Amino acid sequence: MVRRLLTSFAALAALVMAIGLAIVLPASSASAAECAAPWSSSAVYTGGGTASYNGRNWLAKWWTQNERPGSSDVWSDQGTCGGGTGPGPSPSPSGFVVSEAQFNQMFPNRNSFYTYSGLTAALSAYPGFANTGSDTVKKQEAAAFLANVSHETGGLVHIVEQNTANYPHYCDRNQPYGCPAGQAAYYGRGPIQLSWNFNYKAAGDALGIDLLNNPHRVEREPAVAWKTGLWYWNTQNGPGTMTPHNAMVNGAGFGQTIRSINGSLECDGKNPAQVQSRVNNYQRFTQILGVPAGSNLSC
């Protein structure tokens with residue numbers, strides 16, 4: 001019986017070929033679509049308008065404002081975007097609250113040096129980062145870190161400080177260890193632009209990496225670069241009164257992370273445009289992650 005069916009199928013295939021037809025197999029699944037612009041609670045969407053939210057594209061059926069996609073039937077789910085699969089964005093194998101699809105959506109023009117895998121590899125250095133408190137707090141902290149990083153690097157474009165005239169200024173010769181890598185070797189590098197010989201020494205000591213003698217590792221190894229950013233975020237108060245990590249997990253608000261990173265130059269009305277740039281990044285990233293931005297956004 002099986003042989004008879006196979007013979008019949010062979011004859012049918014030969015007949016199809018003889019009369020010039022082709023057997024069409026089912027198409028393979030298309031890859032995920034590009035993500036539309038992130039949904040904004042302040043934007044007005046008319047029928048046919050699109051937005052991305054939480055790793056999916058959405059289509060507005062009629063006029064809407066401040067109705068979160070997925071929470072109202074005004075929005076039609078158009079499926080995953082940016083490489084995600086399944087009912088939502090692909091979870092990171094590392095457990096990081098930002099998926100790779102969301103990371104790519106946040107930084108569409110990033111330098112290839114700033115890899116997602118480099119970031120997730122660096123997380124082990126500070127396991128409490130984006131892993132403390134409720135799911136909302138975890139995502140808010142991740143968004144806050146990446147928002148400041150985006151501001152510092154022009155959207156993860158710049159690996160090193162762009163003003164080379166500053167390079168010789170970051171060597172504090174009063175430190176007992178001096179500047180063994182050279183007078184001009186301690187310029188800003190990485191996602192939070194680590195600079196000064198004493199910061200390279202402190203970060204290296206904390207991470208178990210000799211950055212005082214080898215500062216160039218921060219611009220050559222993605223995981224090292226990300227670890228220096230996480231070192232500052234989790235351990236340094238900077239010009240502020242708390243670490244950026246503590247600011248987010250204890251409810252002080254995003255504005256306190258700005259103060260801890262560059263408050264002496266930006267906060268208290270000194271440079272409101274720079275502060276607003278950071279706030280805009282944070283609001284956009286929290287929208288991508290599907291959480292509220294919270295209060296106390298400015299400094």
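Analyst: A residue is called buried when its relative accessible area is under 20%, exposed when it is over 50%, and partly exposed in between, using a 1.4 Å probe and protein chains only. The model is predicted: local features need pLDDT of at least 70, side-chain atom pairs count only at pLDDT 80 or more, and totals for chains, interfaces and linings use all residues. Residues are numbered from 1 along each chain as its sequence is written, and side-chain values use heavy atoms, leaving out hydrogens and water.

Phe254 belongs to helix H9; helices (H or I, at least four residues) and strands (E, at least two) are DSSP runs numbered from the N terminus. With a relative accessible area of 1%, Phe254 is buried. Setting aside neighbours within four places in sequence, Phe254 is in contact with Ala144, Ala147, Asn148, Met248, Arg278, Val279, Tyr282, Ser295, Asn296 and Leu297, where contact means heavy atoms within 4.5 Å. For the protein overall, 55% of the contacts between residues at least 6 apart in sequence join residues at least 24 apart.

H10 (residues 272-289) has 18 residues and reaches 26 Å from its first C-alpha to its last, close to the 26 Å expected at 1.5 Å a residue. The expected span is 1.5 Å times one less than the number of residues.

Just after H10, Gly290 takes a positive phi of about 75°. The phi of Asn296 is near 55°, a positive value in a residue other than glycine. Asn296 counts as partly exposed, at 47% relative accessibility.

Tyr282 leads on to the core. A nonpolar core is a set of buried Ala, Val, Leu, Ile, Met, Phe, Trp, Tyr and Cys residues joined through side-chain atoms within 4.5 Å. The largest one has 62 residues, and those touching the most other members are Phe96, Val98, Phe129, Phe145, Leu146, Trp226 and Tyr282. At least two residues of this core come from each of H2, helix H3 (116-122), H4, H5, H7, H9 and H10. Apart from it lies another core, of 8 residues, among them Tyr45, Ala51, Tyr53 and Val74. In soluble globular proteins, nonpolar side chains tend to be buried together.

Not counting residues up to four places away in sequence, Phe129 touches Phe96, Leu123, Glu141, Ala142, Phe145, Leu230, Trp233, Asn234 and His245. Leu230, Trp233 and Asn234 are among the buried residues of H7. Of the 14 residues of H7, 10 are buried, so this helix is largely enclosed by the rest of the structure.

H7 (residues 222-235) also packs against helix H5 (residues 197-207), at an angle of about 100° and with the axes 10 Å apart. Axes are lines fitted to C-alpha atoms, for helices over the stretch in contact, and angles run from 0 to 180 degrees between N-to-C directions. That makes H5 roughly perpendicular to H7; angles under 35 degrees count as roughly parallel, over 145 as roughly antiparallel, 65 to 115 as roughly perpendicular and the rest as oblique. H5 makes the contact with Asn199, Ala202, Ala203, Ala206 and Leu207, and H7 with Lys227, Thr228 and Trp231.
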